[in-house]
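Dear colleague,

I am passing on to you the structure that follows, together with some notes on what was found in it. Please read the notes with the structure open beside them.

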Amino acid sequence: MRAFDPEVVDTVWAAIEPLLPAHPDTHPLGCHRPRASDRDCFEVMLVRLVTGCSWEDAECLCGRRVSDTTARARRDEWLAAGVFDDLAAEAIRAYDKVIGLDLSEVAVDGSQHKSPAGGEGTGKNPTDRAKLGWKWSVFTDRAGIPIGWTADGANRHDVALFGPTIEAAHARGLLDDVETLHLDRGYDSAEVRARCHAHGIDDLVAGRQRRASRTTGTKRGTLRVPLGMRWPVERTNSWLSNYGGLRRNTDRKIAHRLAQLALAVTFLITAKLIDWRNRWCPGVVPIR
């Protein structure tokens with residue numbers, strides 16, 4: 001798991017630290033209990049995200065340097081300050097500046113996963129015997145880099161999540177350069193086409209039945225045409241599913257799931273930036 005690579009962890013922490021809200025010392029005598037380290041809390045969040053374990057187990061795996069209660073409270077504090085959203089936005093900007101987003105071919109797709117603890121934003125998963133689950137929907141560039149996402153219950157149709165997903169990408173100002181949008185057959189609806197047209201995306205690949213114009217010797221005498229370049233977003237969903245905290249999520253609020261998703265996206269992009277540096281700039285000294 002690249003998220004445990006020390007260089008990846010140090011790089012992400014170097015980006016998080018300036019975003020953390022200030023915590024003024026308000027005790028009149030200055031003799032209160034010392035505040036737990038932000039870095040220790042971050043490591044507990046990381047272990048929970050990667051393994052999918054409980055907060056208590058993450059505390060134990062991190063040597064009990066900080067309690068699970070403190071780690072959860074610090075998560076909520078950072079969430080209220082917008083740290084996770086700002087971190088993911090900074091990672092996307094860094095990728096665009098260093099490597100460059102390829103928006104000529106983009107794709108949107110959803111992915112359903114378990115959420116046994118229930119809570120808001122969960123629903124009966126139609127592909128998992130109606131067990132409680134959640135779904136994320138992600139918008140990626142041609143290389144599979146996530147640039148917009150949302151989450152809801154596993155029983156929500158992909159079309160219902162398409163609007164918030166494309167609006168998340170629009171909020172980053174990344175829709176103007178989109179040339180072709182690739183979707184699966186489930187998105188083939190008037191609502192999706194109207195929303196794409198409103199954002200200036202007219203080349204939409206989402207047909208329900210597409211066939212080649214000539215026979216190919218198959219039993220039916222025709223060949224089905226592949227529905228565009230959907231494999232990058234499917235591969236991205238697979239990358240994100242490697243995180244145990246996303247694959248089997250026990251949070252009970254949508255905001256907490258989105259925070260984990262933003263952190264996973266940040267680690268994904270950071271690892272790709274480090275790989276690019278190692279390939280093209282092998283003499284650069286790593287962050288310590």
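The lining of the largest cavity is made up of six nonpolar, two polar and two charged residues. Please bear in mind throughout that this is a predicted model.

Around the largest cavity stand Met45, Arg48, Leu49, Trp55, Arg75, Phe84, His256, Ala259, Gln260 and Leu263. The elements that contribute two or more residues to this lining are H2 and helix H10, which runs over residues 254-280, and H10 gives the most, with four residues.

The second largest cavity has about 30 Å³ of space, and its lining consists of Arg48, Gly52, Cys53, Gly245, Arg248, Asn249, Thr250, Asp251 and Gln260. Sorted by class, the residues that line the second largest cavity are one nonpolar, five polar and three charged. If you compare the two lists, you will find Arg48 and Gln260 in the lining of the largest cavity and also in that of the second largest cavity.

Next comes a pair of helices. The axes of helix H2 (residues 38-51) and helix H4 (residues 68-80) come within 9 Å and cross at roughly 95°. Angles of 65 to 115 degrees count as roughly perpendicular, and H2 and H4 are therefore roughly perpendicular to each other. On the side of H2 the contact is made by Asp38, Cys41, Phe42, Val44 and Met45, while on the side of H4 it is made by Thr70, Ala71, Arg74, Arg75 and Trp78. Six of the residues in this contact of H2 with H4 are nonpolar, one is polar and three are charged. Two residues of the contact, Met45 of H2 and Arg75 of H4, are also found in the lining of the largest cavity.

Finally, where does His157 lie? His157 is placed in the loop between strand E4 (146-153) and helix H6 (158-171). Because its relative accessibility is 48%, His157 counts as partly exposed. Leaving aside residues up to four places away in sequence, His157 touches Lys135 and Gly186. The C-alpha atoms of His157 and Tyr187 are separated by 9.1 Å, although these two residues are 30 apart along the chain.

With best wishes

Conventions: Residues are numbered from 1 along each chain as its sequence is written. This is a predicted model: local features need pLDDT of at least 70, side-chain atom pairs count only at pLDDT 80 or more; totals for chains, interfaces and linings use all residues. Side-chain values use heavy atoms; hydrogens and water are left out. Axes are lines fitted to C-alpha atoms, for helices over the stretch in contact, and angles run from 0 to 180 degrees between N-to-C directions. Angles under 35 degrees count as roughly parallel, over 145 as roughly antiparallel, 65 to 115 as roughly perpendicular and the rest as oblique. Contact means heavy atoms within 4.5 Å. Ala, Val, Leu, Ile, Met, Phe, Trp, Tyr, Cys and Pro count as nonpolar, Asp, Glu, Lys and Arg as charged, and the others, Gly among them, as polar. On a 1 Å grid over the protein atoms alone, a cavity is a set of points where a 1.4 Å probe fits but cannot get out, and a pocket is an open set with protein on both sides within 12 Å along at least five of seven lines; lining residues have an atom within 4 Å of a point. Grid points are joined across faces, edges and corners, and a volume is the space filled by probe spheres set on the points. Buried means under 20% relative accessible area, exposed over 50%, partly exposed in between (1.4 Å probe, protein chains only).
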